[in-house]
Amino acid sequence: MNITGGIYNGRKIKAPDEKITRPTLSKAREGIFSCLYSIVDFKECSFLDMFSGSGIMGLEAISRGFQKVVCFEKNIKVANIIKENYKTLNIKPNLYIGNSLKLIEKQTETFDVIFIDPPYFSGIYEECISKIIQTNSIKKGGIIILEHVTSVNTTSFELEVIKQKTYSNKTITFLKY
């Protein structure tokens with residue numbers, strides 16, 4: 001798996017076992033960051049990846065110039081791969097290991113962009129968004145990005161859908177807070 005843009009463009013990173021994680025497709029990553037580029041100034045923004053997996057989304061954000069990137073990952077083995085991937089690029093990760101819904105409650109900072117890509121059929125999209133809003137983890141005007149199967153009803157989130165794009169059987173939804 002390769003980083004698709006920015007200063008680390010083309011750099012290979014290690015992916016965890018696909019039975020454990022499901023990395024965001026390179027075409028979807030390119031689309032996400034192209035869309036974000038037209039909405040926010042990366043150099044002044046913070047990015048939270050709530051379900052990091054390989055860490056590729058956080059690395060893409062760093063590579064493209066986000067000021068601060070934070071990653072949450074529950075699985076210890078996967079978290080160790082994230083650490084390896086960051087070490088390969090000589091970057092110290094802002095990585096928190098544990099349940100994302102509990103970690104978001106402990107966060108004291110707010111983010112400009114939050115990426116949510118839990119296990120697809122976990123049914124926790126609404127709970128994630130609710131916790132983010134309850135804990136003031138997203139800045140006013142901030143963007144929440146969901147990666148989900150096409151059957152997820154995004155109108156129930158009561159946030160403005162500003163863009164949706166489908167890649168194969170996955171949909172990327174941009175919500176504005």
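Let me begin with a term: a residue is called buried when its relative accessible area is under 20%, exposed when it is over 50%, and partly exposed in between, using a 1.4 Å probe and protein chains only. The model before you is predicted, so local features need pLDDT of at least 70 and side-chain atom pairs count only at pLDDT 80 or more, while totals for chains, interfaces and linings use all residues. Residues are numbered from 1 along each chain as its sequence is written, and side-chain values use heavy atoms, with hydrogens and water left out.

I turn to the sheet. Helices (H or I, at least four residues) and strands (E, at least two) are DSSP runs, numbered from the N terminus, and two strands pair if DSSP finds at least two bridges between them. Seven strands form an open sheet of mixed pairing, in the order β3-β2-β1-β4-β5-β7-β6. Because β3 and β6 (160–167) stand at the edges with a single partner strand each, one side of each has no neighbour in the sheet.

Strand β2 (residues 68–73) deserves attention: five of its six residues are buried. Strand β1 (residues 46–49) pairs with β2 in the parallel sense over four bridges, and Ser46 stands opposite Lys68. Strand β3 (residues 95–97) also runs parallel to β2, joined by three bridges, with Cys71 opposite Leu95.

Next, the crossovers. A crossover is right-handed if, with the strands pointing away from the viewer, the path from the first strand over the helix to the second runs clockwise. One right-handed β-α-β unit consists of β1, helix α2 (residues 56–63) and β2. Another is made by β2, helix α3 (residues 76–88) and β3.

In the loop between β1 and α2 we find Ser54. Is Ser54 buried or exposed? Ser54 is buried, with a relative accessible area of 2%. Contact means heavy atoms within 4.5 Å; leaving aside neighbours within four places in sequence, the residues in contact with Ser54 include Met1, Ile13, Pro23, Val78 and Asn85.

Finally, the cysteines. A disulfide is a covalent bond between the sulfur atoms of two cysteines. It is assigned here to a pair of cysteine sulfur atoms within 2.5 Å, and the count comes to zero. For Cys35, the nearest cysteine sulfur, that of Cys45, is 13 Å away. Cys35 is buried, at 10% relative accessible area.
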